[in-house]
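Open the model in your viewer and keep the sequence panel beside it. The tour below goes from one selection to the next and says what is there.

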Amino acid sequence: MKSNESSTGEAHSYSLELKGAKWTARQFQPANRALLASNTPTDPADVVKSWPEQFVIREEYEGKAGLRRPQAGAIHSLLGYWTTDPKLPATVVMPTGTGKTDTMVTALVAQRIDRLLVLVPSDALRDQLALKFEELGVLQHLQLVPETSLFPVVGKLNGALEHNQDAEHLAGSCNVVVATPQALSHTEPEIRTHFLSLFSHLFIDEAHHVAAKTWQQLRDEFAPKPVVQFTATPHRRDGQHLGGTLVYVFPLREAQREGYFSKIRYKSVLSLLHPDEEVAEAAIGYLRSDIEAGRDHLLMARVRSVSRAEEVHALYAKIAPDLSPVLVHSGINKSEQAIRIARLRERTSRILVCVDMFGEGFDLPQLKVAALHDPHRSLGITLQFVGRFARGGVHSLGSATVVSARTEVRQDEALRRLYAEDADWDQIIEDLSAAAVDEQVEIDEFMKAFSSLPDEVSIHSLTPAMSTVVFKPKAIAWHPESLTSVIGRSDLVTYPIPTNTRDGVAWFVTRTKDSPRWGSVADAVTVAYDLYVIYWDATRGLLYINSSNNDSLHEELARAVSGDTDALPLSGEVIYRVFDGVQRLTPTNVGLLDARNRSRRYTSYVGSDVTEALPLSQSQTKTQTHIAGTGFLDGGRYSVAGSLKGRVWSHRTADGLKQWTDWCDVVGPKIVDPTISVDKIMAGFIRPEELNGWPAIHALALELPSALADQLEDSELKVGSSSIPFHELSIELRGQPNSTRLPFAIVCDEWRVDYDLVLTKAGLRVEPQDSSRDAMIQRTRSLIPFSQLASRHGLRVLLAADSIVEPPGLLLRPNRALEPFSRDRLTVIDWTGINIRRESWGANRDPRTVQGRMVEHLLGEDWDILIDDDGSGEVADVVALREADGVLLVRLVHCKYSSNDRPGARVTDLYELAGQAQRSAALRRSPDAMFARLIRRERTRAKTDRTGFVRGGIDDLQGIFERSINLRLSVLITMVQPGLSAAAVSINQLELLASVDAYVADTAMSKLEVFCSA
């Protein structure tokens, strides 16, 4: 232990210090205190005794010093909440700049907390908060505590605790310990549990981290003792609830009105070729203007990676050498980082270029200009980042400025609003903050409605499976208090049973002991814990029971809680009504029970084998036990399952009880809807067929499964020294299959690589035709062959006759007979003067081509934007967009030349075109990917002074993309083939068009139109 002169606080003040293996503890003391002679920190209990027993929460008023209004409000709310013996953590929302840290310090003293643990996300914030607690924040400056009050002993945990003695020494020596979750997670569980037991209260700073597993585990382990979660924003990137109950929220609009959070000036920059340069020039312009106006401002440029930081730093050094830009990132050692940051504090530099390393705890209020070269993809992180620039309360500082590159990167609705052109950030941020709070309040009210919550299990840790048994009891009320007549008190871990009468929800956890199944061993016991959730929908008279214990359908629970002694689960084929509305429904797993064959009473069928278990192929001695299936619902992929006994499930896990009850409200009403025909649903099942060879059906196109498409969308593919972005590549069939191989190629302007999609007994495999030539997918630190990744995920083959080959090698054909495409739906246009054997109008935009004629036709219609996107990787040959009455109408036009000068009934003229049209359905299911591809491809064209715009421009496209999240999407897929004659059209052509029409309608809720000749 030692005494060190403090670098902060009063002149000649000292800090008394203790040290352990991985911790330090200090107490700040003025030199005139007699306590100094002891050369050791004060006993923590004596420190608390020195604080006022009746703390006066004095708020600043008419120039008189005091706590800020949000600080006073938060303290009042916490003190009141603590009087209720709370079981739920308290959540306090205070915008950046309102004094969150001083609120923590004040709460410590006002409540006279015995021993406080504070969790923070970073070492920098740990050190910053520890210093605030050491000096009692603003309390002495505001004269809210007398001069005789002692300063707390504050510990900092720097690493894992190795012994219980270390834990006891640190906690026993301190009033406050500040630690990171990382330090505690590296501590052995027994020692960590003991350490947590030594504290009376837990504060969590930057609580948006708390849904992370490490944070949540520590918080829940601390329960049921008082926990407070402090955050500037309740937003989380993953959408999870923070947990706890909102006890205080200070609105952002009030923070701005009172000057704690400054106004925000926003400038968006849209540049296809030089976005970094234009963002830098705009930001530097604002910085120079602020400095000239006497504002002591600094600029921070944010990028996503070290390589980008180095690139952007060089740009700033070139544009503004007089402002001496500094570069800081994780690859630079700490001492050099400190030197460079010191240059900012000394104003020998005015510009900082960095990656995402200045998180919570970095305090430099003069940072007032933010240049977002790579905007964040998370609203919560964006608001935290911007909050650092918008904090007020420092003399000589003006409003914040944010300059951002407008980007095609997929973002949520909120971020699109923020980064849109001419966005009013003050209003939008206020709206978004209020909306986020309202969302949390809705969940919070659901949690608060429970009559009691147990200490043993946190309600926020519950993630029930999307599964339920459904009852429709005769009773019109429910009696959750009767559950204990079925579940013995001794088996309940959670008692009394938490019950939400308002929403009709109860849950509990049971503990059962049994002998191990693997043998008979004395004193060996297995212990099982099971979660039960019960939901009573009084409006529809439906009772739902979910449990991790699937050994029973829980009829006894239903009878007890409903009062209906005859209550039975809804069962039988009505359960299969949950499949209603699912298009192209394909069973993935079917259970079959054989009443006569006892040696093989139950069989589970998967893959192509499910066909054996479906109704039309069964004998009278067999019945299904369950069916699980996938398909398309509302234009997106969907999966659900049901069992004849009465259980319904989906292969997902709910984020919490509220999400599970919402799911029940979707599946339950279907089961009791008598207008839904089970026979019709069952007849519509697609029966997978296992392939031994390629079917004798014309292959139209290849489609990437969504998981593979998402991985490739932002990637580049490399052949030799040439790397091409995926959005500039096409995957094209190069012929029809033989018995086992389907040839295709990856094609771009610079190269082509040929592959085979090989049908093997193990499934579909992708093989390069030349083993020495395989396109390599460029990853951050590695290359992976396309054939390897594509074989892992599989490719989907779109076929004629309403058929598909799905990985791992199943033929899917809907069990239906399609009516031929109606001749009345063929649209005839005049092709006079057009060479119908020339498809693309090319760089010279020749109007005498098929594409040129179609562009002429579209120009005569009321489209806001027309784009020629013809080429490898195209979205379509022509893309048309129009916004009207809250609807975004997108027209994807696919053109094909005629193989003959005379229009006729040649089905071969339609095959490739049909494949392109069907592949468009995937874009309807992922409109963000479509817009991203259009913008990126226009950027590529701009590099060679070309443009795809026939009407409108990049500003129009970017703007409609940013607004699209709030528009209802309607997609029209257009096939253009002048070689098709409406008068001579064949039945084969009409049947092919009918299969395309059905596919785009089923899988993407899109409409098909066909342009042809007379």
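## Stop 1: cysteines

This model is predicted. Start with the sulfur atoms of the cysteines: the number of disulfides comes to zero. A disulfide is a covalent bond between the sulfur atoms of two cysteines. To be counted here, a pair of cysteine sulfur atoms has to lie within 2.5 Å.

Select Cys354. Is Cys354 buried or exposed? Cys354 is buried, because its relative accessibility is 1% and the limit for buried is under 20%. Go on to Cys1012, where the relative accessibility is 0%. Cys1012 counts as buried too.

## Stop 2: the whole chain

Now select the whole protein and switch to a cartoon view. The secondary structure comes to 26 helices and 46 strands. Of the 1014 residues, 56% count as buried.

Switch to a surface view next. The protein exposes about 43200 Å², and carbon and sulfur atoms supply 47% of that area.

Contacts along the sequence can be sorted by separation. Among contacts with a separation of 6 or more, 69% are between residues 24 or more positions apart.

## Stop 3

Most residues other than glycine have a negative phi, and most peptide bonds are trans.

Select Tyr495 and Pro496. The peptide bond from Tyr495 to Pro496 is cis, and its omega is near 0°. Pro496 sits in the loop between β17 (465-471) and β18 (499-500).

Then select Pro807 and Pro808. Which kind of peptide bond joins Pro807 and Pro808? The bond is cis, with omega about 5°. Look for Pro808 in the loop between β38 (803-806) and β39 (810-812).

## Stop 4: two residues with positive phi

Select His554. This residue is not a glycine, yet its phi is positive, about 65°. His554 lies in the loop that runs between β21 (542-547) and α16 (555-562). With a relative accessible area of 6%, His554 is buried.

Last, select Asp885. Asp885 is not a glycine either, and its phi is positive at about 55°. Its place is the loop between β42 (878-884) and β43 (887-895). Is Asp885 buried or exposed? Asp885 is exposed, because its relative accessibility of 81% is over 50%.

To end, show both residues together: His554 is buried, whereas Asp885 is exposed.

Key
Residues numbered from 1 in each chain as written. Predicted model: local features only at pLDDT ≥ 70, side-chain atom pairs only at ≥ 80, totals over all residues. Heavy atoms only, no water. Helix = DSSP H or I, 4+ residues; strand = E, 2+ residues; numbered from the N terminus. Buried < 20%, exposed > 50% of the residue type's maximum accessible area, 1.4 Å probe, protein only. Contact = heavy atoms within 4.5 Å. Areas by Shrake-Rupley, 256 points an atom, 1.4 Å probe, with all protein chains shown as cover.
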